[in-house]
Amino acid sequence: MQSDTNHSNDNAAKEATESTQLATSLSAPSRLARRSFLRNLGLGAVLLAPGASLLSASAKAADVSHKNNHSLTRGDVAILQLLAAAELIEADLWQQYNELGGVNAPDSGYKAGLVILDGDQPQYIADNTDDEISHAAFLNAYLKSKGEKQVDLTHFANLTPSQVSFVPQTGRLTNLKELSVDTSWWTRYRSTTNPDFGATFPDAVPSLRKNPGGHAAIPRNNNELGDPNNPSDHVKAIAFTAGFHFGYIEQGGTSLYATLAQKVTSLEVLRILLSIGGSEIMHFQTWQDKAGNATPLTDFDPINNSTVTFKDLTTGQPETLQANLIMPEPCEFISPNLPPCAIIRPTGPGQLDATGVIKSFIEDGLFLGQPPEFTQLILSLARAADAADREDGD
């Protein structure tokens, strides 16, 4: 992804928008005993709806006294607001996966297809869902505690959900029915090269990137739920697409938190980014360990008019594709004159930024069906975050 950091803070502020609305509730699923606190938590997921400007007087005032524990720099606010938006988007898509494939979802061929990837896959989906909901709620609550605007995307939750009978027919932010999944993350972490030094990587499943908008990662209707005791190749293909999409989503957060952490001023905000970013790393490691268990098949999707092919990645593959090589290979870092180091990558300037992540979500098809105002809003949040500069702080 290319950087888009040539925007001043003032331009970023003019492009962004803010809400006059207060928090609305994102209800957390009742899933795990160890996460039962989420059941009764009022998750204020307020995102900046279309209206005025994102970084208005309250954010400008923060520039005056950023050393005060009760205020943040404009850059730190912009970063936190962008991350709150990203976590709301992730919470929305993970809730859809959880409804159809989580531990409490009814048994189906789709759920059985996910279990092919790992027997605990439904539990992991439920966990990941709860995590993203907690991230969004925390970031918004923290912004509010500092007197800053929270983030509210409920105005845009209008996309049609899956038509499976047990799925709540409420509007969604994200579209999981027409994806174009970038699977180059798979070969990137198995390579000894680093995108920070210009390296590029092929897709592990090339057909998932073809036919933009051509691949479903959730069942679209009851017919695609399938037989839990004998899932068809078509149903398995939808489940395997989801498996690779899980890794794609979480690798973005893995690098984004590490990149933006280099731009924050407040040590407390740095603590937040490093701590939540560590959780994103755990998610990514889980999903890249599971996706490679997809069994070989080729399937044609008559609705999206697309074909996908999954190959056996467990045997007879080069190192850049081998499924069990889930630890990041050492690669160049900081300087080619230093020894190779196993790292999260990319994190260097110009290789990954907030704008690049949002643009990759757009290319992924996550927002197909959203009006231009939605992508303009999210991109403006990203540009404001990219414009942040670390200041002499606490």
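These legends describe close-up views of a predicted model.

**View 1. Helix H7 against helix H9.**
Helix H7 covers residues 233-261, and helix H9 covers residues 354-364. Their axes come within 10 Å and cross at roughly 170°. Angles over 145 degrees count as roughly antiparallel, so H7 is roughly antiparallel to H9. H7 contributes His-245, Tyr-248, Ile-249 and Leu-256 to the contact. From H9 come Ala-354, Val-357, Ser-360, Phe-361 and Asp-364. By class, the residues of this contact are six nonpolar, two polar and one charged.

**View 2. Helix H3 beside helix H8.**
H3 (residues 74-101) packs on H8 (residues 267-291) at an angle of about 30°. The two axes lie 12 Å apart. Angles under 35 degrees count as roughly parallel, so H3 is roughly parallel to H8. The crossing of H3 past H8 is left-handed. On the H3 side, the contact uses Asp-76, Ile-79, Leu-80, Leu-83, Glu-87, Glu-90 and Trp-94. On the H8 side, Val-269, Leu-273, Ile-276, Glu-280 and Trp-287 meet them. Eight of the contact residues are nonpolar and four are charged, with no polar ones.

**View 3. Helix H5 packed on helix H7.**
H5 spans residues 121-145. H5 and H7 pack at an angle of about 35°, and their axes are 13 Å apart. They pass in a left-handed crossing. H5 supplies Gln-121, Ile-125, Asn-128, Glu-132 and Leu-139 to the contact. H7 supplies Phe-246, Glu-250 and Tyr-257. The contact of H5 with H7 has four nonpolar, two polar and two charged residues.

**View 4. Backbone details at Asn-305 and Pro-346.**
Asn-305 sits in the loop between strand E1 (297-301) and E2. Its phi is positive, about 55°, although Asn-305 is not a glycine. Which peptide bond is cis, with omega about 0°? The bond joining Arg-345 and Pro-346 is. Pro-346 belongs to the loop between strand E2 (306-310) and H9.

Terms used
Residues are numbered from 1 along each chain as its sequence is written. This is a predicted model: local features need pLDDT of at least 70, side-chain atom pairs count only at pLDDT 80 or more; totals for chains, interfaces and linings use all residues. Side-chain values use heavy atoms; hydrogens and water are left out. Axes are lines fitted to C-alpha atoms, for helices over the stretch in contact, and angles run from 0 to 180 degrees between N-to-C directions. Helices (H or I, at least four residues) and strands (E, at least two) are DSSP runs, numbered from the N terminus. Angles under 35 degrees count as roughly parallel, over 145 as roughly antiparallel, 65 to 115 as roughly perpendicular and the rest as oblique. Contact means heavy atoms within 4.5 Å. Ala, Val, Leu, Ile, Met, Phe, Trp, Tyr, Cys and Pro count as nonpolar, Asp, Glu, Lys and Arg as charged, and the others, Gly among them, as polar. A crossing is left-handed if the near helix is turned anticlockwise from the far one by less than a right angle, and right-handed if clockwise.
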